[in-house]
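Biologist: I have a new model open and would like to learn how to read it. Could you walk me through it, one feature at a time?

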Amino acid sequence: MESQNNKMAVTEEAFPSVRKECGKRGRKPGRKTSSEKIDIKAKLERSRQSARECRARKKLRYQYLEELVADREKAVVALRAELERYILWSRQLNENLSTTNTDQFLKEIGIIKQE
C-alpha cells in the first residue's frame, strides 16, 4: 500500500497538473488567421444586413398598423354619425309626426323609395 502511495507521488511529480504549452503544435489562443478575420468580417456584415432588414420589416409593420388604426377610426366616426342620425329619427317618430311629414321622413331614411 505504501509503495503504491509512493508511486502515485512520483507520478504526480513527473506529470504536474498544470500542463505547459509547447508552442509547436496547434493554434495559439487569441491569434486569428487571415481567413478567420475575413470570416469574422463577413459574419459582422451579415449581422448588420440582417439588423437593417429587421428594422425595415418593423417599420413596414408599424406603418401597416397605423393605417389600420386610421381606417378603424374613420369607421368609428362614420358609425357614430349614423347612430346620431338614427337617434334623431327615433325622436322625430316618437313626437307623432303628421302623415305628410312621416312620408317625407321615411323617404329620407330610405324606407320609401323616391319616385
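Modeller: Happy to! Let's start with the surface: the accessible area of the protein is about 11600 Å², and carbon and sulfur atoms account for 54% of that. Keep in mind that this is a predicted model.

Biologist: Now the charged side chains. How many salt bridges are there?

Modeller: The idea is to look for a side-chain nitrogen of Lys or Arg within 4 Å of a carboxyl oxygen of Asp or Glu. By that rule the count is two. In one of them, R48 meets E45 with an N to O distance of 3.8 Å.

Biologist: Where do R48 and E45 sit relative to each other along the helix?

Modeller: Both belong to helix α2 (residues 34-94), and because they are three residues apart there, about one helical turn separates them. R48 is partly exposed at a relative accessible area of 45%, and E45 is partly exposed too, at 38%.

Biologist: Which residue forms a salt bridge with E45 at 3.6 Å?

Modeller: That is R52, with 3.6 Å between the closest N and O atoms of the pair. R52 has a relative accessible area of 39%, so it is partly exposed. Through shared partners, the salt bridges link E45, R48 and R52 into one network.

Biologist: Let's turn to rings. How many aromatic pairs does a search of the whole structure find?

Modeller: Zero aromatic pairs turn up. A ring can still have a charge over its face, though: R85 lies over the face of Y86, 5.9 Å from the ring centre.

Biologist: Where is Y86 found, and how far in space is it from I109?

Modeller: Y86 is in helix α2, and is partly exposed with a relative accessible area of 43%. Between Y86 and I109 the C-alpha to C-alpha distance is 8.8 Å, with 23 residues separating them in sequence.

Conventions:
Residues numbered from 1 in each chain as written. Predicted model: local features only at pLDDT ≥ 70, side-chain atom pairs only at ≥ 80, totals over all residues. Heavy atoms only, no water. Phe/Tyr/Trp six-rings, centres within 6.5 Å; stacked < 30°, edge-to-face > 60°. Lys NZ or Arg CZ within 6 Å of the ring centre and 35° of its normal. Helix = DSSP H or I, 4+ residues; strand = E, 2+ residues; numbered from the N terminus. Buried < 20%, exposed > 50% of the residue type's maximum accessible area, 1.4 Å probe, protein only. Areas by Shrake-Rupley, 256 points an atom, 1.4 Å probe, with all protein chains shown as cover.
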